[in-house]
Amino acid sequence: MTDAGYWINIDQGVDQAVSKEIVDLLDVLEAASVIVNSNNTVVRASQSAISLGLVQTHFLAHKQTNELIEEARKSQAPIEREFELVTGLRGERSFVRARAAKLKDGYMLLLVEDRTEAHRVDETRRDFIANISHELKTPIGAIQLLSEALQDGAADPELVRRFAGNLRREAERLGNLVQEVITLTRLQAAESNSDFAQVDLAGVIHDAVERNALLAEQRDVKVKVHAPQGHVVLGDAESLAMAVRNLIENAIVYSDEGSQVGVGLRAVKGIAEVSVTDNGVGIPVEEQERIFERFYRVDASRSRQTGGTGLGLSIVKHVALNHRGEVALFSQVGTGSTFTLRIPEIVPDVSRQAKKVS
């Protein structure tokens with residue numbers, strides 16, 4: 001979107017020939033634009049320049065942009081720089097790419113492109129690469145050590161069995177990590193819901209409970225389900241089942257042995273809510289904002305024991321977003337946690353259901 005028609009003429013005395021020529025050119029650009037005179041007084045500024053906080057009264061608001069203008073004024077060529085700006089009463093940080101160039105009669109042009117979102121994406125990508133590299137080192141290193149131990153203890157059948165079991169667990173952990181990274185990448189890249197179909201969440205829940213039956217039995221955790229049929233959403237059954245399965249698995253893992261996990265389904269004002277409640281240790285308030293971050297773990301030691309990857313809740317969050325929904329958390333230390341997946345309901349296609357029945 002350009003700033004065509006949104007120029008603010010700060011100084012009516014500016015050379016109209018210059019201003020019209022430059023404004024006509026800058027109208028087709030997306031960058032925020034500012035024109036200053038020989039005294040560095042702002043004479044024209046685009047609406048986006050004002051919104052970005054580049055101008056304060058009649059002057060440029062930031063030391064970096066003033067320095068860039070002066071450098072370009074002394075130069076025979078345009079000057080381009082990238083830097084961080086602090087704007088607004090709350091000190092919001094913006095990452096920008098700025099370019100300054102000479103016009104005629106002492107006027108200078110400043111073009112500023114807001115790169116904040118691109119910078120955030122780049123930073124997220126760097127963090128992800130660093131995190132995944134760290135997470136992969138643990139199982140890969142363990143597999144290497146166990147392989148060497150197997151070679152050294154080949155003559156001891158009992159030792160071989162023990163090391164082989166550990167090797168299998170580490171290989172499974174590595175496989176789960178790679179699979180969840182692939183899944184999360186696919187969910188984040190999802191651009192269309194054209195393949196969505198009607199999904200009854202009761203079936204999704206019962207499938208997720210069934211897939212966690214063995215884990216629940218191993219940990220002596222009872223899973224109590226209340227999931228009436230008829231709560232239909234438009235979505236992808238496989239990814240919804242994966243999200244609910246992750247929530248139930250987490251609830252089982254973080255509950256004490258012999259305790260109970262509750263899974264419920266209801267609708268509130270047209271929103272289907274799938275709630276999973278445990279009686280575990282709970283999550284501290286200061287940890288709750290970060291719980292859906294990739295690789296973030298409240299209890300890293302328990303995650304290592306259970307083979308957790310730290311990606312399960314991040315996957316749940318992206319499944320919810322892809323279905324125009326959200327995932328909410330209520331938790332108190334010492335009493336447990338409730339995760340609620342909220343997705344808009346739809347009116348079921350009655351004719352389609354009748355066809356299935358016939």
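Contact here means that heavy atoms lie within 4.5 Å, and the model shown in these views is a predicted one.

**View 1. Overall content of the predicted protein model.** The secondary structure of the protein comprises twelve helices and 15 strands, and buried residues account for 40% of its 358 residues. When contacts between residues at least 6 apart in sequence are considered, 63% of them join residues at least 24 apart. The accessible surface of the protein is about 20400 Å², with 51% of that area belonging to carbon and sulfur atoms.

View 2. Helix 3 consists of twelve residues and spans 17 Å from its first C-alpha to its last, which is close to the 16 Å expected at 1.5 Å a residue. Its buried residues are Thr65, Leu68, Ile69 and Ala72. Seen down the axis of helix 3, these buried residues fall within an arc of 100 degrees, and they therefore line one face of the helix. In general, an α-helix has 3.6 residues a turn, so residues three or four places apart point the same way. The buried residues of helix 3 pack against strand 2 (32–36), strand 5 (59–60), strand 6 (79–87), strand 7 (92–102) and strand 8 (108–114).

**View 3. The other face of helix 3, with the Glu67 and Lys63 pair.** The face of helix 3 turned away from its buried side carries the exposed residues Lys63 and Lys74. Lys63 forms a salt bridge with Glu67, and the closest N and O atoms of the pair are 3.8 Å apart. Both residues of this pair, Glu67 and Lys63, lie in helix 3 (residues 63–74), where they are four residues apart, or about one turn of the helix. Lys63 has a relative accessibility of 62% and counts as exposed, whereas Glu67, with a relative accessible area of 45%, is partly exposed.

**View 4. A salt-bridge network that includes Arg115 and Glu113.** Glu82, Arg97, Glu113 and Arg115 are linked in a network of salt bridges. Within this group, Arg115 forms a salt bridge with Glu113, for which the closest N and O atoms are 3.8 Å apart. Arg115 counts as partly exposed at 27% relative accessibility, and Glu113 is likewise partly exposed, with a relative accessible area of 34%. As a general point, side chains of opposite charge can pair when their charged atoms come close.

View 5. The side chains of Asp207 and Arg211 meet in a salt bridge, with an N to O distance of 3.1 Å. Asp207 and Arg211 are separated by about one helical turn because they are four residues apart in helix 6 (residues 201–211). Asp207 counts as partly exposed at 30% relative accessibility, while Arg211, at 55%, counts as exposed.

**View 6. Helix 11 and the residue Arg324 that comes just after it.** Eight of the eleven residues of helix 11 (residues 312–322) are buried, so this helix is largely enclosed by the rest of the structure. The buried residues in helix 11 are Gly312, Leu313, Ser314, Ile315, Val316, His318, Val319 and Ala320. Just after helix 11, Arg324 adopts a positive phi of about 60 degrees.

Conventions
Residues are numbered from 1 along each chain as its sequence is written. This is a predicted model: local features need pLDDT of at least 70, side-chain atom pairs count only at pLDDT 80 or more; totals for chains, interfaces and linings use all residues. Side-chain values use heavy atoms; hydrogens and water are left out. Helices (H or I, at least four residues) and strands (E, at least two) are DSSP runs, numbered from the N terminus. Buried means under 20% relative accessible area, exposed over 50%, partly exposed in between (1.4 Å probe, protein chains only). Accessible areas come from the Shrake-Rupley method with a 1.4 Å probe; for residues, only the protein chains shown count as cover. A salt bridge is a side-chain nitrogen of Lys or Arg within 4 Å of a carboxyl oxygen of Asp or Glu. The expected span of a helix is 1.5 Å times one less than its number of residues. The arc is that of the directions from the helix axis to the C-beta atoms.
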